[in-house]
Amino acid sequence: MADQRRRLPLLAAVTLTALALLALTALVALAEATPVTPGAATTPTPGGAPGGSTPGSATTPAPGSAPPGRSKPAPPVRYRLAGCQSRGARSYLRGPARREVAIGFDDGPWPDTAAFVRMLERNHARATFFMIGEQVTARYQATLMRELRDGDALGDHTFTHPYLTRSGDVRGELAHTIAAIRARTGYTPCVFRPPYGAWNGSIVQTARSLALATVLWDDDPSDYLLPGTSAIVQRVQRRDDRTGEMITQTRARSSRASRREARR
């Protein structure tokens, strides 16, 4: 009985030690399994990737933030289009010989411009909006920023929409519009469309000196005359069919020329 009593304290001590070791092991395992919420601020070790943590580095919460694992995700990085660059030294009537359509809207921004933007969004299409400078006001700033977010381009359509071939201030008409667009959006346009399609070599050179390419058109559905939807569609499709025929003929001539060159 005396030996049994002496062994009881020893067994109790061993049991308590084992329980303590099990508890410590469980705490370590729990700590290793705790995930870190993406976006928590981390301090990388020297040579680590910016904005991330290197394996083995400590995770440090930003000052005043919640403990690791509970911090809010970092906001996404946003970019704003600053503009485009023009390398064009002439007027452009049409693009490369392929079945593509470059859509342009003139004379905006206007109350119905937002409807055109929504139409483009629904059809996953992009366009260039050639704008009159004096109409680029705070009222339409949100619409212009939406166009840029969608990937549309902003173009110069002069400040007051005059016949430039009769105007004595071509440079002012273009420069004032560039400034108006830049002031409202931070975007600098690189394309210009002359009102009424009235242009000459001097106008193209002036536009070029302002880093603007002169862009015209090769299909005018005359929608501004309000002929009706079906008439507009038919006019555009007729032009598209003619363009397709021209592309086919051009490719056929190129193929014949290549075969002749190969025989030589």
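This report describes the fold, cores, helix packing and backbone geometry of one predicted protein model.

Residues are numbered from 1 along each chain as its sequence is written, and side-chain values use heavy atoms, with hydrogens and water left out. Because the model is predicted, local features need pLDDT of at least 70 and side-chain atom pairs count only at pLDDT 80 or more, while totals for chains, interfaces and linings use all residues.

## Overall fold

The protein chain contains six helices and six strands. Helices (H or I, at least four residues) and strands (E, at least two) are DSSP runs, numbered from the N terminus. Along the sequence these elements follow the pattern α-β-β-α-β-α-β-α-β-α-β-α.

Of the 264 residues in the protein chain, 27% are buried. Buried means under 20% relative accessible area, exposed means over 50%, and partly exposed lies in between (1.4 Å probe, protein chains only). The protein chain exposes about 18100 Å², and carbon and sulfur atoms supply 57% of that area. Accessible areas come from the Shrake-Rupley method with a 1.4 Å probe; for residues, only the protein chains shown count as cover.

A contact means heavy atoms within 4.5 Å. Among contacts in the protein chain between residues at least 6 apart in sequence, 64% join residues at least 24 apart.

## Nonpolar cores

In soluble globular proteins, nonpolar side chains tend to be buried together. A nonpolar core is here a set of buried Ala, Val, Leu, Ile, Met, Phe, Trp, Tyr and Cys residues joined through side-chain atoms within 4.5 Å. The largest such core has 14 residues, and those with the most contacts inside it are F129, M131, V136, L154 and I181. Two or more residues each come from α2 (113-122), β3 (128-131), α3 (141-150) and α4 (170-185). The largest share, three residues, is that of α3.

Leaving aside residues up to four places away in sequence, M131 touches G108, P109, V136, L144, L154, G155, D156, H157, T158, T177 and I181. A second, separate core has nine residues, including L164, V170, F192 and A207.

The 16 residues of α4 should span 22 Å at 1.5 Å a residue, and its end C-alpha atoms are 23 Å apart, which agrees. The expected span is 1.5 Å times one less than the number of residues. The buried residues of α4 are V170, G172, E173, L174, T177, I178, A180, I181 and T185. Their cover includes β3, α3, β4 (153-156), β5 (191-192) and α5 (201-209).

Two packed helices are described by the angle between their axes and the distance between the axes. The axes of α4 and α5 come within 10 Å and cross at roughly 35°. Axes are lines fitted to C-alpha atoms, for helices over the stretch in contact, and angles run from 0 to 180 degrees between N-to-C directions. The contact is made by V170, R171 and L174 of α4 and by I203, T206, A207 and S209 of α5. In helix α5, T206 counts as buried at 17% relative accessibility. Not counting residues up to four places away in sequence, T206 touches V170 and R171.

## Backbone geometry

Most residues other than glycine have a negative phi, and most peptide bonds are trans.

| Residue | Position | Phi |
|---|---|---|
| G186 | just after α4 | about 80° |

T158 is buried, with a relative accessible area of 0%. S222 also counts as buried, at 15% relative accessibility. A cis peptide bond joins G108 and P109, with omega about -10°. P109 is found in the loop between β2 (104-108) and α2.

D219 is found in the loop between β6 (213-215) and α6 (229-263). D219 is partly exposed, with a relative accessible area of 26%. Apart from residues up to four places away in sequence, D219 touches R235, V236 and R239. D219 and R239 are 20 residues apart along the chain, and their C-alpha atoms are separated by 6.6 Å.
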